Amino acid sequence: MERHRDDIGARTGMWLFLFTEILLFGGLFMLYSMFRMQHGAEFHKAAENLNRIAGTTNTLVLITSSLAMALSIAAIRRGRKAASVALQATTVLLGCVFLLIKYFEWSTEIGRGIYPNSPALLKLDHGEILFYGLYFVMTGLHGLHVIIGISVISFMLVSTAKGNITSTDHVRLENSGLYWHFVDTIWVYLFPLFYLVT
Amino acid sequence: MNESGIQPGFYAAPGSRTGIFSWIFSTDHKRIGLLYLFSIFSFFAVGVCFGLLMRLELIAPGRTIVGPSTYNAFFTLHGVIMIFLFVIPGIPVSLGNFFMPLQIGARDVAFPRINLLSWWFYITGGLLALLSLFTGHGPPDTGWTFYAPYSIRTGTNVVLAVSAAFVLGMSSILTGLNFITTIHRMRAPGMTWFRMPLFVWSVYATAWVQILATPILGITLLLVIIERLFGVGFFDPAKGGDPILYQHLFWTYSHPAVYIMILPAMGVVTEIIPVFSRRTVFGYKAIAFSSMAIASVGYFVWGHHMFTSGMSDVARVVFSFITFIVAIPSGVKVFNWVASMYKGSIRVDAPLLFVLAFIFLFSIGGLTGLILGALATNIQVHGTYFVVGHFHYVIFGGAVFAFFGGLHYWFPKITGRMYNEKRARLAWLFLFIGFNALYFPMFILGWEGMPRRYYDYLPKFQPLNVVSTVGSWIVATGLILLFANLLRSARKGAAAGPNPWGGTTLEWQTSSPPPHENFGEIPVITQGPYIYNPSKGKGHGTA
Ligand code: HEM
Ligand SMILES: [Cu+2]
């Protein structure tokens, strides 16, 4: 049985999927706004302890990786396989850099004794407990999406190198790109909400 | 061909695998539909057993067969299984999977492999739910709503049960996006939106509710898990959180979930009525639009579940009002169904009997829902058996009776054989009488104040509880009759031919059971589906 191919259908499916992902994060953004309305001042205070330089670097890293992803699709459209593979590799690498920086940030907080349900955290005000709770849950869930994104793009990278993704058949790569842009966009919202509220 | 003259159809095209593997690794939408059908009804059987056990416990006040903690586990598991493993997947994944592609003239769904994946998610979720029974510190006892803060604090195996519901949610989302894409992209030439059978419309509306509402459930359940594992504190007042937030998030999903259960059932009803009255559907567009209306308004009424949970007065009145508004599109449908039957040449076979029972029981469920939706009375009956009666009338009397109707209606297409009509009617009679004996007393009990979710009750409530328990036995007999008849007929029934009911939608144009890939040649559509007046054409065809 020959495979039924419908690029528009595949794209439709991907957009619907991303839509559900947005709703998933939407629930958390809703919690964030409700808690922040109740505890504005404490949110500001808690946010001052986050490392703004690390956050900014990570924002730049992710935006660059998104750009590389977009370019890799442009490259495969023109049939430039090697360039596309290199650009995808760049995306994956930058994704790993993002995770690494995030890892050091989390370690610093945990090193200070700040993690969910920790004795040091429970001594703080309610607003700060909630702020850090949201911080760990939201960046954690986002981090999970980064890991999934890295795995998917690595898979695409191999497919491209093997010649399964070509200038005429690349909807899978495009969909992976969409996913990566989504991951990037979520971060672009998380960054100001956590690092810049001071 | 075999000795009875029935073509094996898609059953003879197992693909590259054999035996059970030709089913559990198949990407054929018909095989996946049947896989789902068997899976969900297996869980249904388990759920019914818990229901019967609860009714047995309630036959007399005090401890009859189990104590309070076992009883709590019973209603939790009964609820979780019936809701998450049976009615929510329900009609769309089984009959929808099998018939939606046939009805739009497609060879399969848009993403056959994702379709199979969603079944695997479903089974994984089901197994996790069962596992939660036997591992950890006892089965969950929170009720299927997993309300915080109790669900955060109880020592029982909540994490596993909640993970099960989460995985089932992913399965539901995948099915939803698959169906939407299929309906957008794979309709046969000439099958415009307003020529689609109304069952397809209802599956379409349901799919939207699935992908709009399920992610909210997903994040809510995820938070319960995180809360239990790490103690973040979003729902814990001691850490600044708020348990009411849990309820808001939960009902943002779970009210729309009621439409996930009921919309496809309405779709089945809308298919059966014209065929058995030999008249076109009255108000095709009104029915199609009312499905979409229910899907969109249903999103905004969750608050009526929380009238007693501490809400502002304005919020309460608003929620009460929107709840009444949802009744309008439902009423439109009932009106259209009755109008479609008016002056038709009605043929009262089992599928139509189930449909008539559906209309009757669902109307009672709807009316008692209005009583619950109304703010003033809600406070009187909140948390009583009135609520239990109401949602069984809506879900069991509504969704499940329609499901049974659809099962009989499409049985000849699925198996190529006819079921035994006499036994089907007998089963129907048992179910209908038993159902009312089982649940009607609950309205009275609830009005008089018998609380739900309790293994014991005041002695004055006993007579009606005995009626209810006897009713549950009649229902059980009806279920056994129904399934015994269908299973037997699947092997022994007379050959049905491609179109035993004289239906005019596309699935009746192909052979019974349908061949692999459904149609020899994809049909071209020139008309709407339900045309029974020969001078006006023949709809999508009467093969
Ligand atoms: C023979 C069939 C059934 C029997 C005997 C039965 C019996 C019961 C009883 C007695 C309760 C109330 C428990 C309590 O509040 O103390 C209950 C609750 C419930 N039933 Fe059924 N039921 C049956 C079928 C169904 C079906 C088909 C569905 C849905 C598809 C369903 C969904 C529920 C739900 C969601 C609850 C609420 C559980 C909770 O309070 O957490 N039941 N059932
Ligand atoms: Cu509701």
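**Group meeting: burial, salt bridges and a charged patch**

Let me start with one residue: B:T206 counts as buried, since its relative accessibility is 0%. Buried here means under 20% relative accessible area, exposed means over 50%, and partly exposed is what falls in between, with a 1.4 Å probe and protein chains only.

Before going on, the ground rules. This is a predicted model, in which local features need pLDDT of at least 70 and side-chain atom pairs count only at pLDDT 80 or more, while totals for chains, interfaces and linings use all residues. Residues are numbered from 1 along each chain as its sequence is written, chains are lettered from A and ligands numbered from 1 in the order in which they are written, and side-chain values use heavy atoms, with hydrogens and water left out.

Back to B:T206. This residue sits in helix α8 of chain B, residues 198-230. Helices are DSSP runs of H or I with at least four residues, strands are runs of E with at least two, and both are numbered from the N terminus. What does B:T206 touch, not counting residues up to four places away in sequence? The list is B:P92, B:I260, B:L263 and B:P264. A contact means heavy atoms within 4.5 Å.

The next residue is B:S163, in helix α7 of chain B, residues 158-185. B:S163 is also buried, because its relative accessible area is 17%. With residues up to four places away in sequence left aside, B:S163 touches B:L128 and B:I225. B:S163 and B:L222 are 59 residues apart in sequence, and their C-alpha atoms are 7.7 Å apart in space.

B:I6 counts as buried because its relative accessibility is 6%. From B:I6 to B:A495 there are 489 residues in sequence, and 6.3 Å in space, C-alpha to C-alpha.

Now the salt bridges. How many does a search of the whole structure find over all chains? The search finds 10. The criterion is a side-chain nitrogen of Lys or Arg within 4 Å of a carboxyl oxygen of Asp or Glu.

I will show three of them. In chain A, the side chains of A:K102 and A:E105 form a salt bridge at 3.4 Å, N to O. About one helical turn separates A:K102 from A:E105, because they are 3 residues apart in helix α4 of chain A, residues 81-111. Both A:K102 and A:E105 are buried.

In chain B, B:D28 pairs with B:K30 in a salt bridge, and the closest N and O atoms are 3.3 Å apart. B:D28 is buried, with a relative accessible area of 7%, and B:K30 is buried at 0%.

B:R425 is partly exposed, with a relative accessible area of 36%. This pair belongs to a network of salt bridges that links B:R347, B:D349, B:E421 and B:R425.

B:K422, B:R423, B:R488, B:R491 and B:K492 form a positive surface patch. Two elements of chain B give two or more residues to the positive patch, α15 (421-447) and α16 (462-492). Which element gives the most to the positive patch? That is α16(B), with 3 residues. B:K492 lies in this helix, α16 of chain B, and B:K492 counts as exposed because its relative accessibility is 55%. Patch residues have over 30% relative accessible area and no salt bridge; like charges are joined within 9 Å, and nonpolar side chains (Val, Leu, Ile, Met, Phe, Trp, Tyr) within 5 Å. Lys and Arg count as positive, Asp and Glu as negative, and His and the chain ends are not counted. A charge is placed at NZ of Lys, CZ of Arg, CG of Asp or CD of Glu.

Last, chain A as a whole. Chain A has 7 helices and 0 strands. Its C-alpha trace spans about 60 × 30 × 25 Å along the principal axes. Of its 198 residues, 50% count as buried. Among chain A contacts between residues at least 6 apart in sequence, 84% join residues at least 24 apart. Chain A exposes about 9,200 Å², with 68% of that supplied by carbon and sulfur atoms. These areas come from the Shrake-Rupley method with a 1.4 Å probe, and for residues only the protein chains shown count as cover. Chain A carries 15 positive and 13 negative side chains, and the centres of the two sets lie 8 Å apart.
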